[in-house]
Amino acid sequence: MEPGRIRLNKHLSQTGTASRRTADELIRQGRVTVNGRVVTELGTRIDPATDQVKVDARRVRTADARRYLLLNKPRGVVSTRSDPQRRTTIVDVLARAGITGYFYPVGRLDFDTEGLLLVTNDGEFAEVVAHPRHGVERTYEAQVAGVPDTRDLDRLRRGVLIDGRRTRPADVRLLRVVRTRQGDEAVLSITIHEGRNRQVRHMCDAIAHPVERLRRTRIGPVEDRRLRPGQVRDLRPQEVRALVGEDRAAPSTRRRRRTSAV
Ligand code: URA
């Protein structure tokens, strides 16, 4: 199977045109064209980025299909769309999961950090969720060299100086101590409410317990312990709503114009 190609009925349901079952019906009835040719084969696959799909001669507009994805970024992947050093990017991870199109990350994770990353094609959503004013908190599991004592943990909680500026109060817990060949290491849960560059690593450096391993486990209301590194899933509508604030409609619902072909 070619990466990026998805079943036509899935495309029609993802764009909000019809349910998969209705889409199959439309295809069977000869009402769907791909690049100008009628398609009646149910298993037909298309590339939503390049193929032009019409239902009853009306264009199914991919741009209207806002998607909100949760990706578990593996270590050794850059969270940008392209990389001058040609390292693996999140676009490669998405393509392996059969997802193509113009998606970009909401914020960043370092090359060496693994864990949850939101990816979307909805610029307004990305802006709202990433904006510090919105204060979406993020939780990390940081495995650090040595075992910080109570005083160290309190310093992290109260804030440490990074580049002359104090970090905002954080929630910090010691989860467990693990024995490694290099000696004892502590696994900390650290929840921060801002997103400065390499913040968790700098915070742990400031208490002289450098990070050995870093994983993001929660973004605001969104967590998923079952999503393995490299896996991607769509956010549930209630997760999207919770991320932008219960009191506000998701950006997409304010301005999405669905194709009303059926
Ligand atoms: N803090 C870091 O140090 N790295 C990340 O990737 C995210 C937060």
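Leaving aside its neighbours within four places in sequence, which residues is Val200 in contact with? They are Tyr140, Ala142, Ile190, Ile192, Val211 and Leu214. Contact means heavy atoms within 4.5 Å.

The model is predicted: local features need pLDDT of at least 70, side-chain atom pairs count only at pLDDT 80 or more, and totals for chains, interfaces and linings use all residues. Residues are numbered from 1 along each chain as its sequence is written, and side-chain values use heavy atoms, with hydrogens and water left out.

Start inside. The largest nonpolar core holds 31 residues. Such a core is a set of buried Ala, Val, Leu, Ile, Met, Phe, Trp, Tyr and Cys residues joined through side-chain atoms within 4.5 Å. Buried means under 20% relative accessible area, exposed over 50%, and partly exposed in between (1.4 Å probe, protein chains only). Leu94, Val119, Ile190, Val200 and Met203 touch the most other members. Elements that each supply at least two residues include β9 (114-120), β10 (138-145), α5 (150-158) and α6 (199-206). β14 gives the most, with 4 residues. Helices (H or I, at least four residues) and strands (E, at least two) are DSSP runs, numbered from the N terminus. Another core lies apart, with 16 residues, among them Tyr68, Ala126, Val222 and Leu235.

Now turn to the backbone. Most residues other than glycine have a negative phi. Ala57 has a positive phi of about 70 degrees. Ala57 sits in the loop between β5 (53-55) and β6 (58-59), and is exposed at 65% relative accessible area. Arg86 also has a positive phi, near 60 degrees. Its loop runs between β7 (68-73) and α3 (90-96). Arg86 is exposed, at 76% relative accessibility.
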